[in-house]
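User: I have a new model open and want a quick walk through it. Can you take my questions as they come?

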Amino acid sequence: TTPIVYFSNGFELEADAQGIDLMTKAGYNPWAGYRMIEKISGDGYLWRFLRSHPNGQTRLTHIERQIQ
């Protein structure tokens, strides 16, 4: 069996920030990343599998601050 690796919420927020930065540098609209998190945040079933991730609203708040 493959071990499951859990990362801290801080690592996940940093990954979001790096993703938004890469999107922006590549010429994509960073708000698309925000909207993607917004969409999956409404799916409680999905979030049971993403327990190591911060909740959707926390992620959206950090992404919004970064974009602005």
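User: What is the mean pLDDT of the protein?

Analyst: This is a predicted model. Its mean pLDDT is 81. Of its residues, 75% reach 70 or more.

User: Where is confidence lowest, and where is it highest?

Analyst: Lowest in helix H3, residues 44–49, with a mean of 61. Highest in helix H1, residues 9–25, at 90.

User: OK, the fold. How many helices and strands?

Analyst: The protein has 4 helices and 0 strands. Reading from the N terminus, the order is α-α-α-α.

User: What share of the residues is buried?

Analyst: Buried residues are 24% of the 68 in the protein.

User: And what share of the contacts links residues 24 or more positions apart?

Analyst: That share is 58%, counted among contacts with a separation of 6 or more.

User: Which residues make up the largest nonpolar core?

Analyst: There are 5: Ile20, Tyr34, Ile37, Leu60 and Ile63. Helix H2 (31–41) and helix H4 (56–67) each give two or more residues to this core. As background, nonpolar side chains in soluble globular proteins tend to be buried together.

User: Stay on Tyr34. What does Tyr34 touch?

Analyst: Beyond residues up to four places away in sequence, Tyr34 touches Ile20, Leu60, Ile63, Glu64 and Ile67. Of the core, that list includes Ile20, Leu60 and Ile63.

User: Now the helix pair. At what angle do H2 and H4 pack?

Analyst: About 170°, with the axes 9 Å apart. The cut-off for roughly antiparallel is over 145 degrees, so H2 counts as roughly antiparallel to H4.

User: Which residues meet there, H2 against H4?

Analyst: H2 brings Trp31, Tyr34, Ile37, Glu38 and Ser41. H4 brings Gly56, Arg59, Leu60, Ile63, Glu64 and Ile67. By class, the contact has 6 nonpolar, 2 polar and 3 charged residues.

User: Ile67 keeps coming up. Where is Ile67 found, and is it buried or partly exposed?

Analyst: Ile67 is in helix H4. Its relative accessible area is 22%. Buried means under 20%, so Ile67 counts as partly exposed.

User: How far apart are Ile67 and Thr24?

Analyst: In sequence, 43 residues. In space, 9.2 Å from C-alpha to C-alpha.

User: And Asp21 to Ile67? What is the separation?

Analyst: Asp21 and Ile67 are 46 residues apart in sequence and 8.8 Å apart, C-alpha to C-alpha. Asp21 lies in helix H1. Asp21 is partly exposed, at 33% relative accessibility.

User: Last one, Thr58. Where does Thr58 lie, and is it exposed or partly exposed?

Analyst: Thr58 lies in helix H4. Thr58 is partly exposed, with a relative accessible area of 29%.

User: How far apart are Thr58 and Leu13?

Analyst: They are 45 residues apart in sequence. Their C-alpha atoms are 8.7 Å apart in space.

Definitions and conventions:
Residues numbered from 1 in each chain as written. Predicted model: local features only at pLDDT ≥ 70, side-chain atom pairs only at ≥ 80, totals over all residues. Heavy atoms only, no water. pLDDT = per-residue confidence, 0-100. Core = buried A, V, L, I, M, F, W, Y, C linked by side-chain atoms within 4.5 Å. Buried < 20%, exposed > 50% of the residue type's maximum accessible area, 1.4 Å probe, protein only. Contact = heavy atoms within 4.5 Å. Axes fitted to C-alpha atoms, helices over the stretch in contact; angles between N-to-C directions. Parallel < 35°, antiparallel > 145°, perpendicular 65-115°, else oblique. Nonpolar A, V, L, I, M, F, W, Y, C, P; charged D, E, K, R; others polar.
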